[in-house]
Amino acid sequence: MTHAAIDLAISLKKNNHLRLHDAEAVTVICSRMVCKMVGGAFQIRTNPEVDAQFSIPYTVSVALDKGDVFLEDFEPEVVAKVSAAGSLGRIRVEEDPVLPERDIMRCRMDIRLKDGRILTAATTAPKGSPANPLSMDECIGKFKKCVRYGSGPMKEDRMETILHLLGDLENIPDISRLMNILS
């Protein structure tokens, strides 16, 4: 339920050369369910990773700061650092009474900058959803980024072999080759 807001933050940052500290206030407008489930003020409780993953204020803050949100941003020490930075209080989530109560796809974001300008963006489908799919290059890039983040190093040629096999999955007569290289 955070993906639409993350996409908007990344887009506004990229298209406006925005820096997090330029934002005076960020308002995310979404459905009632999204607002209730992931829109509350951010707080670290017993599981910082989960607290951050299910928080629009946290994920939007990271997206506006870095231009991306990735697995390392949910490590407990990173969550603590972002939380202590003080930007989370500038991000507010509001309910859009016009949206269907359980709509997790549509979202709007307004960013009021310190110079007085207001940036606005909206989405009806976050990147990676069926209505807005990732390109093959984006999928490959995400795969490689995730593999590099993983617990053990994987050689580039092994990654390329996996990608080749996955790209030709319909024509592989015996899936055991792929399973062996994955294990």
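Visitor: What volume does the largest cavity have?
Guide: The largest cavity has a volume of about 40 Å³. Volume here is the space filled by probe spheres set on grid points, joined across faces, edges and corners. This is a predicted model, where local features need pLDDT of at least 70, side-chain atom pairs need 80 or more, and totals for chains, interfaces and linings use all residues. Residues are numbered from 1 along each chain as its sequence is written, and side-chain values use heavy atoms, without hydrogens or water.

Visitor: What makes a space a cavity?
Guide: A 1.4 Å probe must fit at its points, on a 1 Å grid over the protein atoms alone, but cannot get out. The search of the whole structure finds 1 cavity of 30 Å³ or more.

Visitor: Which residues line the largest cavity?
Guide: Lining residues have an atom within 4 Å of a point. Here they are M1, A4, A5, C30, V34, I56, D103, I104, R106 and C107. The lining divides into 8 nonpolar, no polar and 2 charged residues.

Visitor: Why is the pair of F42 and Y58 called tilted?
Guide: Ring centres of Phe, Tyr or Trp (its six-membered ring) must lie within 6.5 Å to pair; planes under 30 degrees apart are stacked, over 60 edge-to-face, the rest tilted. F42 and Y58 are 5.2 Å centre to centre with 35 degrees between the planes, hence tilted. F42 lies in the loop between α2 (32-38) and α3 (48-53) and Y58 in helix α4 (residues 56-66), so the pair ties together parts 16 residues apart in sequence.

Visitor: Is F42 buried or exposed?
Guide: Buried means under 20% relative accessible area, exposed over 50%, partly exposed in between (1.4 Å probe, protein chains only). F42 has 15% relative accessibility, so F42 counts as buried. Y58, at 0%, is buried too.

Visitor: What makes F70 and Y149 edge-to-face?
Guide: Their planes stand 80 degrees apart, with 5.7 Å centre to centre. F70 lies in the loop between α4 and α5 (76-84) and Y149 in helix α6 (residues 136-149), so this pair ties together parts 79 residues apart in sequence. F70 is buried at 9%, while Y149 is partly exposed at 30%.

Visitor: How do you know that K145 lies over the face of F70?
Guide: NZ of Lys or CZ of Arg must be within 6 Å of the ring centre and within 35 degrees of the ring normal. K145 lies over that face, at 4.5 Å from the ring centre.

Visitor: Why is strand β3 called largely enclosed?
Guide: In β3 (residues 107-113), 5 of the 7 residues are buried, so the rest of the structure largely encloses the strand.

Note on methods:
On a 1 Å grid over the protein atoms alone, a cavity is a set of points where a 1.4 Å probe fits but cannot get out, and a pocket is an open set with protein on both sides within 12 Å along at least five of seven lines; lining residues have an atom within 4 Å of a point. Ala, Val, Leu, Ile, Met, Phe, Trp, Tyr, Cys and Pro count as nonpolar, Asp, Glu, Lys and Arg as charged, and the others, Gly among them, as polar. Helices (H or I, at least four residues) and strands (E, at least two) are DSSP runs, numbered from the N terminus.
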